[in-house]
Amino acid sequence: MKMPKPDQATIARRSEIIKRLRAIVPGEGVIVDENELTAYECDGLMAYRQLPMVVVLPQTTKQVSDVLKACHEMDVKIVPRGAGTGLSGGALPLADAVTLGLGKFKAILDIDYDNRCVVAQPGVTNRAITEAVEDEGYYYAPDPSSKIACTIGGNVAENAGGMHCLKYGLTTNNVLGVEMVLMDGEIIRLGGKHMDAGGLDLLGAVTGSEGLLGVITGVTVRILKQPDVAKGVLVGFPNVEAGGECVAKIIGSGIIPGAMEMMDKMVIGAMQDFVDSGYPLDVESLLVVELDGQEIEVQYLTERVSEIAKSVGSTFLRVSDTDEERQQMWKGRMSAFPSVGRISPDYLTMDGTIPRHRLADVLTRMTELSKDYGLRVANVFHAGDGNLHPLILFDANKPGELDRAEEFGHDILRLCVEVGGVLTGEHGVGVEKRDLMGEVFSEDDLKQQQRLKCAFDGSGLLNPGKVYPTLHRCVELGRMKITEGNIPFPDIPRF
Amino acid sequence: MREVLKPETEDQVLEVVRWAVSSKTPLEVRGQGTKQGLGNPVVCDHILDLSGLSGIELYEPQELVMTARAGTPIADIQAALDEAGQMMAFEPWQPKGLYRTEGGTIGGMFASGASGPRRPLAGAARDHMLGFHAISGRGEQFKSGGRVVKNVTGFDLSKLMSGSMGTLSVMTDVTLKVLPKPEKSRTVLVFAPTDVGRAMLDAQNSPYEVSGVAYLPVEVAAKSQVSYINHASVGVVAVRVEGPAPSVAVRCQLLRELLCKYGEVEELHTSNTVTLWREIRDVEYFSEGGDIWRLSVTPSEGPTIADALGDVHYLDWAGGLIWLQASGQDAERIRAAFPNGHATLMRAPNNVRASVDVFQPHPDGLQALMDRVRAGFDPHAILTPGRM
Ligand SMILES: Cc1cc2nc3c(=O)[nH]c(=O)nc-3n(C[C@H](O)[C@H](O)[C@H](O)COP(=O)(O)OP(=O)(O)OC[C@H]3O[C@@H](n4cnc5c(N)ncnc54)[C@H](O)[C@@H]3O)c2cc1C
């Protein structure tokens, strides 16, 4: 994976750039010391590291705007950064860029229960939004496993998902508005407390844009009332096919559970000595289903899910009696990543999405690949929406193993695309999957996406080298290749 | 004389658009033309009629996904969904109440960004469009998205296409997320509510997962075909509850207990519920008469804004949506009545729509950004220019 070549002339101007930034953000808000910069050298994709040229931590939208304006004038690149938990390298610094951290935007500005929304600064963590409203019985639905650390701005930038997105939607379905600053310093507001932003749906396009379109400085999200009751159903299967069939049947019968997560034997084994999950060990795959709503509905759905599970040959079935038991069922799932982290020095997290009915097929082929590459793979999925998280286990200290793990990962993603799925369901393309974009999109598809980028950032200074494998200049993208259409279309009916 | 070009294949669409690009000929992109009344009137000599591009290409009920060619009649989509007990959860409106037209195509439905009373619970068309193939105003074929719900592979251009009113690009097929139909639906009514706004918000913000919260003032209620409502001679708050049968019964009961402090409560069963929410969705109450505005506002402010405006109106989305019967010429007065949100002139004669901003104007910077976005897809403005 190659990053664009750093511009030495920019690096040579470092002290001038620092001076300019210090005039905008005083004191400790501009970080230049190498030791301190190390804290920003990577995001959650830790295989890639790069010291940023400078880090700036503005505190107000005005400062963000001034920083961007100044960098635009000086022709200096910007990498936006939330908490740096991203798993695809979206916030990976560039040697010739300023990393703009939103860590000081920590305030919740407005809690409006009547209109079921919260207005927050982008550096507020995902979990903090729920914490701010849970005493009143509300919560913010999208719940990435990183919720304690990741920021709401980063969630919007990645269109983050979570376990409860099956029923309640992804970030994009729960954001009502944003305030953002364009690369030239212009402040734009999209949406608000009302539904639909009006005009072209730029809010929808900005969500999931991985910091390429603008820097988000404010977010309005929708909160929901906590359901009265939630129950967990834990189901074990003798083979992965039965697990896949169970998921398909639940959805096919018209039930959309609050959450539906699956784990394979390797993951269950990994957590055995780490958490007291209470999971059965003699199953090939395990499903956690959460049903929420009104008591009688939950009761009814729990029974139906249990029947479906038995009908496909489940060998283990437990329904939670109390809320403690339900939470206990989630404990294992929540600790799946760290558990795997304990049985292997390193692991790569994949994030493909596939049509659900291809699950068994994809798992079988993944097992074959695992043998070919000589690397273990553990599987956790958001089963309800077909989003897979294969974790590839490797040891970065063994020469060549990282490369092999990455190749294995790429093969898994190619497999996902081949069966009708996509490269990434929620973690973003970043640098990790950038060079695989051609597996999904044609050159024209990618160019059309990049023209959107040009409309927001004609200079191309915002987070370059991410998402798109080839950098095109906007003038080049704007040029028309005119193909003469033949009139009078002999074959087209006309009236 | 306007010429209608009716391609039957994607390649033919491409041919038409390329010709239009090279000769700089504007095209009005059309499905069945059932929503001609929406947006600024368009004057083009050539119509690109997509209704020949028809047919469901993929429907996998267990996967909750469907792909259809852009000109597929909505009726065909509905029929297929009905057979599998599924639906488009965003509840797209039918144009009969507003424009006295019937039918429509799936492409036109997404292009007009439809959504209905279920919007606050289930989202709008934009939330259900998973991907598409299209031909840009540059004469290039491209696609975006896919057929799976969770997908962040590249920018989400489906959101942009949804509600783009025939501008940007010509969609040739769309892939949408579908959902199971609820087993049962019922409606709780509150008659002559003492506090309309609070009654609606209490229902909306209850844990009972309501799928519609509306208010019909007395003069609108009188036009309903549901006798419980038209005989009441008072304003009515209506709250819809959907789901498995036993759950609906219990939630209705709980809502009645919650809302009875605002007025007398009553319950509608399935067939009346279907009628009522169709009327609300399709603006059937205003099918007679003049110009119509649609206001999307902060829900808690809805009742006050509507009262202050003083026009005949009703509310949906727990107050967040106001349907208003007022002259198209009143754009300024209407838009001055609320600080946040937007107002669209949904129905007015062509000459009126040509003389006012049909869609809410944007601040300069935002408008310039939208213009740049549009130019990225359609640099010569050949696709339905001026409609939006
Ligand atoms: C253990 C673990 C579990 C995880 N589980 C999940 C999960 O379940 N679901 C899921 O979706 N993700 C998950 N993630 C990934 C990650 O947490 C999310 O992508 C999250 O949204 C990133 O937020 P962040 O604040 O850390 O952003 P960062 O990593 O700092 O940045 C992510 C991207 O967003 C951009 N960005 C950040 N803030 C802004 C802003 N204010 N304006 C513009 N651009 C910005 C950056 O440039 C970068 O491209 C997990 C990560 C870890 C480490």
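1. Start with one pair of side chains: R278(B) and E284(B) meet in a salt bridge, with N and O 2.7 Å apart. Keep in mind as you look that this is a predicted model. Between domain 2 of chain B and domain 3 of chain B, the count is 1 salt bridge.

2. Domain 1 covers 49-180, domain 2 covers 184-282 and domain 3 covers 284-364. If you take the C-alpha centres of domain 2 of chain B and domain 3 of chain B, they sit 23 Å apart. Where these two touch, 20 residues come from domain 2 of chain B and 15 residues from domain 3 of chain B.

3. How much area do domain 2 of chain B and domain 3 of chain B bury between them? About 1500 Å², with 59% of it on carbon and sulfur atoms.

4. On the domain 2 side, α8 (196-204), β12 (210-216), α9 (218-221) and α12 (270-282) of chain B each supply at least two residues. Which of them gives the most? That would be α12(B), with 6 residues. Sorted by class, this side of domain 2 of chain B has 11 nonpolar, 4 polar and 5 charged residues.

5. Now zoom out to the two chains. In chain A, 101 residues are in contact with 88 residues of chain B. As for area, the size of an interface is often given as the accessible area lost when the parts come together. Chain A and chain B bury about 7900 Å² between them, and 59% of that is on carbon and sulfur atoms.

6. How many salt bridges cross the interface of chain A and chain B? The rule finds 9. K167(A) makes a salt bridge with E209(B), and their closest N and O atoms are 3.6 Å apart. Polar contacts between chain A and chain B come to 30 residue pairs, again with both residues at pLDDT 80 or more.

7. Last, have a look at the side of chain A that touches chain B. Helix α18 (residues 443-456) of chain A gives the most to that side, with 9 residues. By class, that side of chain A has 42 nonpolar, 32 polar and 27 charged residues.

Terms used. Residues numbered from 1 in each chain as written. Chains lettered and ligands numbered in written order. Predicted model: local features only at pLDDT ≥ 70, side-chain atom pairs only at ≥ 80, totals over all residues. Heavy atoms only, no water. Contact = heavy atoms within 4.5 Å. Buried area = accessible area lost by both parts, 1.4 Å probe. Salt bridge = Lys/Arg side-chain N within 4 Å of Asp/Glu carboxyl O. Polar contact = N/O pair within 3.5 Å; in protein donor to acceptor, adjacent residues only side chain to side chain. Helix = DSSP H or I, 4+ residues; strand = E, 2+ residues; numbered from the N terminus. Nonpolar A, V, L, I, M, F, W, Y, C, P; charged D, E, K, R; others polar. Domains from an automatic or database assignment.
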